[in-house]
Amino acid sequence: MILKYDVVVIGGGHAGCEAATAAANMGAKTLLVTMDMNKIAQMSCNPAIGGIAKGQIVREIDALGGQMGIVTDATAIQFRMLNRSKGPAVWSPRAQCDRGKFIWKWREVLDHTPLLDIWQDQVEELLVKDGEAIGVKTIWGAEIYAKSIVLTAGTFLNGLLHIGRKSLPGGRIAEPAVTRLTESISRHGIRTARMKTGTPVRLDRRTIHLDEMEIQHGEDDFHQFSFLDTPRPLKQLTCWVCYTNPAVHDVLRSGLNDSPLYNGQIQSIGPRYCPSIETKLVTFPERDQHMLFLEPEGEDTNEMYLNGFSSSMPMDVQIEALRQIPALRDAKVYRPGYAIEYDFFDPTQLDYSLESKVIRGLFMAGQVNGTTGYEEAGGQGTVAGINAAIHCSGGEPFIMRRDESYIGVLIDDLVTKGVDEPYRMFTSRAEYRILLRQDDADARLTERAYHLGLATRQRYDRWLEKKQGIDRIIDVCQNTHIRPKEVNSRLETLGTTPLHYGCKAIDLLGRPQIDLHTLAEMVPTLQETIDQLPNRREETIEAAEVLMKYKGYIEREKLIADKMRRLEDIKIKGHFDYKNMTQISIEARQKLERINPETLAQASRIPGVSPSDINAMLVLMGR
């Protein structure tokens, strides 16, 4: 059987779903090929979306017109804003989700996306002609031809599961690995390597002494992931906290000889920032306890997820160790933790559009690029899907900058620096994080996405409405004069210094004791302005307050970003014969030749390329 499409997306995980909906919503006739239609966007590990920096990525996906934020809000069973004690630059939303309902909400989205078809099958070969991807073949003999191919195979490429000394092929527990596809791609010259990740045990809630654990409540305020009106309809649940102890550690140490991480069975590198419990013991031998989070898998299930206890130890060791925790002494296990090894491709062989430099028309997104996390995958999938659709008609690629989005930071890091361990996003990776806040993703991206054809008119109008509200609030604060006698008694009750002279309302907002709501109590015109906001009032107020309170920091960072952008405008691809450039170091020559950067700014971020190398290139450009 032969099928023809504009875009074929391989894999129905978080990257694949975002890529498929993005391409289809931009007008490309799209096919999503997945091994199991009942496990679309499966949360293979933690049933949660967002977190430090990851939450910002989800907000960016939503601002671009993607779906992860909408699906998360619709299936959230606990919401929290992390890093509240710090500045708004690092506030990060996170939601615990109902795993099963998350899948079916995504199915609903896919089923109602025009121009998008789903085909349940397994791709085993990439079809390439004259250096260009033209289609795929499946294990059931289907040949599917397309102008663009998006590979989002997750952990399935030659996946190998490990529990103790037992190992079996698989892409996830009880799901088959994908064989031969890696080889059909790598034979064209794309470099491949192996990585490892893992997941914890799943426990039966009925057998856990929850009353002996610390309760971790969620939050119930205006915050959510989508900039559209997507309320949280599900019952909001609590999570719990407990700790390992020396008895737990003793049991685990007794099984280290049978751990595939330490007996030579697993050779690949695991995620540094989400280590297994056995790795924690070896890395931090002085610690006598580690924090664990017990999280519900859904509102209608007894299955619980033990965050922090990822392991590939023998199952009897895992279970015996768990039962040394008082609250888990009677715990029954649905499934032990396991590790998985899988293939990925060197992301330095990609352009910023996530198109392969080696095979034209082949785009890659998610764990196949060496990343870890649903959010990182979804962000890449959105960009790959957009560019796959653009590729069909020959337009200019959609590129995201480092000062524009966390997704831009992620992609730049991948294609410029490559990976030697599973890549996870953190706020510390973004040098412009004051500009990349969770509250302003729509300000940064929605207009771009609308003109691109991905964000809907409804979404664009909602952003314009919010922008007008922000501008009105700021205008009132900048132009309203306050006299001391009008506010001093209130200032004293707030514990802040009374005024000796009059000032503008915005000047009072700079005080830590005063927020916009407090200021509105003292400034009637501001309260009237707030009362007239039509939608998403609290979100608009928060955005306006952040812009005013942190104006100096924001403007300073914009100046720095503008200076760096000048280097971004200096295109160097094709201008230099790096191999014969004696003016720069040997290491710089080798790195520049391998990565072949697009701009001078990208060259400056390549490890091993020094400022003096960049100066030499600037001089040569001048010549």
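Colleague: How many charged residues are in the lining of the second largest cavity?

Modeller: Please keep in mind that this is a predicted model. The second largest cavity holds about 70 Å³ of space, and its lining consists of Arg401, Arg402, Asp403, Glu431, Tyr432, Ala561, Met564, Arg565, Glu568 and Arg605. Sorted by class, that lining has three nonpolar residues and no polar ones, while the number of charged residues is seven.

Colleague: Which element gives the largest share of the lining of the largest cavity?

Modeller: The largest cavity has a volume of about 120 Å³ and is lined by 17 residues, with Phe227, Arg462, Trp463, Lys466 and Glu539 lying nearest its centre. The elements that give two or more residues to this lining are helix H11 (441-452), H12 and helix H17 (537-549). The largest share, six residues, comes from H12.

Colleague: Is H12 roughly parallel or antiparallel to H16?

Modeller: Helix H12 (residues 457-479) and helix H16 (residues 524-531) have their axes 10 Å apart and pack at an angle of about 175 degrees. Because angles over 145 degrees count as such, H12 is, relative to H16, roughly antiparallel.

Colleague: Which residue in E8 is the bridge partner of leucine 126?

Modeller: Strand E7 (residues 123-129) and strand E8 (residues 132-138) run antiparallel and are joined by six bridges. They form a hairpin with two residues between them, where aspartate 130 in the turn has a positive phi of about 55 degrees. Within this pairing, the partner of leucine 126 is valine 136.

Note on methods: Residues numbered from 1 in each chain as written. Predicted model: local features only at pLDDT ≥ 70, side-chain atom pairs only at ≥ 80, totals over all residues. Heavy atoms only, no water. Axes fitted to C-alpha atoms, helices over the stretch in contact; angles between N-to-C directions. Helix = DSSP H or I, 4+ residues; strand = E, 2+ residues; numbered from the N terminus. Parallel < 35°, antiparallel > 145°, perpendicular 65-115°, else oblique. Pairing = 2+ DSSP bridges. 1 Å grid on protein atoms, 1.4 Å probe; cavity = no way out; pocket = protein on both sides within 12 Å on 5 of 7 lines; lining within 4 Å. Points joined across faces, edges and corners; volume = space filled by probe spheres on them. Nonpolar A, V, L, I, M, F, W, Y, C, P; charged D, E, K, R; others polar.
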